[in-house]
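Work through these exercises with the sequence and the model side by side. Try each task before you read its solution.

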Amino acid sequence: MEEVKIVGITDGKLQITLAGDIDLGNAEAFFDAVMSAYQATPADIVFNCENLNFIDSTTLGTFVKILKTLKTDGKSMRLIGMQAKIKKLFLICSLDKIMEIA
């Protein structure tokens, strides 16, 4: 999946770069790619969102689903480099209260 690039482990955290559009059409593939990488190397996840251009409500739900899995395992999730228009969606939905958005 070209929108998701598993960078690998840096400083004990699983680094994942997101790009392009993630929406209803590919949210399941996004979830599967992240979970596959996480199951291979369970660690806190850092999503680099600098090149992420668009997400929809399905994608927001997918981030919550990923977070629930991580929290169950005692891990955390951080989103960095988010464009203002995407960050606004997380803030409107109060997701900044449950996940770290830098």
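**Exercise 1: the faces of a strand**

Strand E4 has one covered face, with Met 77 and Leu 79, and one uncovered face, with Arg 78 and Ile 80. Helices (H or I, at least four residues) and strands (E, at least two) are DSSP runs, numbered from the N terminus.

This is a predicted model: local features need pLDDT of at least 70, side-chain atom pairs count only at pLDDT 80 or more, and totals for chains, interfaces and linings use all residues. Residues are numbered from 1 along each chain as its sequence is written, and side-chain values use heavy atoms, with hydrogens and water left out.

Task: Find which residues of E4 lie on each face.

Solution. Now go to E4. Met 77 and Leu 79 belong to the covered face. Arg 78 and Ile 80 belong to the uncovered one.

**Exercise 2: the sheet**

Task: Work out in what order the strands E1 to E5 lie in the sheet, and how they pair.

Solution. Step one is the order. Five strands form an open sheet, E1-E2-E3-E4-E5, with mixed pairing. Two strands pair if DSSP finds at least two bridges between them. The edges are E1 (4-10) and E5 (100-101), each pairing on one side only.

Step two takes the pairs in turn:

- E1 and E2 run antiparallel, joined by six bridges. Ile 9 stands opposite Leu 14 in E2.
- E2 (residues 13-22) and E3 (residues 44-55) pair in the parallel sense over nine bridges. Ile 22 has Ile 55 of E3 as its bridge partner.
- E3 and E4 run parallel, joined by four bridges. Phe 47 stands opposite Leu 79 in E4.

Step three is the hairpin of E1 and E2. Two residues lie between these strands. Asp 11 sits in that loop. Its phi is near 55°, a positive value in a residue other than glycine. Asp 11 is exposed, at 75% relative accessibility. The scale is this: buried means under 20% relative accessible area, exposed over 50%, partly exposed in between (1.4 Å probe, protein chains only).

Ser 94 also has a positive phi, about 60°, although it is not a glycine. Ser 94 is in the loop between H3 and E5. With a relative accessible area of 37%, Ser 94 is partly exposed.

**Exercise 3: two helices side by side**

Task: Describe how H1 and H2 pack, giving the angle and the distance between their axes.

Solution. Helix H1 (residues 27-40) packs with H2 at about 20°, and their axes are 10 Å apart. Axes are lines fitted to C-alpha atoms, for helices over the stretch in contact, and angles run from 0 to 180 degrees between N-to-C directions. So H1 is roughly parallel to H2. The cut-offs: angles under 35 degrees count as roughly parallel, over 145 as roughly antiparallel, 65 to 115 as roughly perpendicular and the rest as oblique.

Next, look at the contact (heavy atoms within 4.5 Å). H1 contributes residues including Phe 30, Phe 31 and Tyr 38. H2 contributes residues including Phe 63, Ile 66 and Leu 70.

**Exercise 4: the cysteines**

Solution. First, the bond itself. A disulfide is a covalent bond between the sulfur atoms of two cysteines. The rule here asks for a pair of cysteine sulfur atoms within 2.5 Å. By this rule the count is zero. Now compare their surroundings. Cys 49 is buried, with a relative accessible area of 0%. Cys 93 is partly exposed, at 43%.
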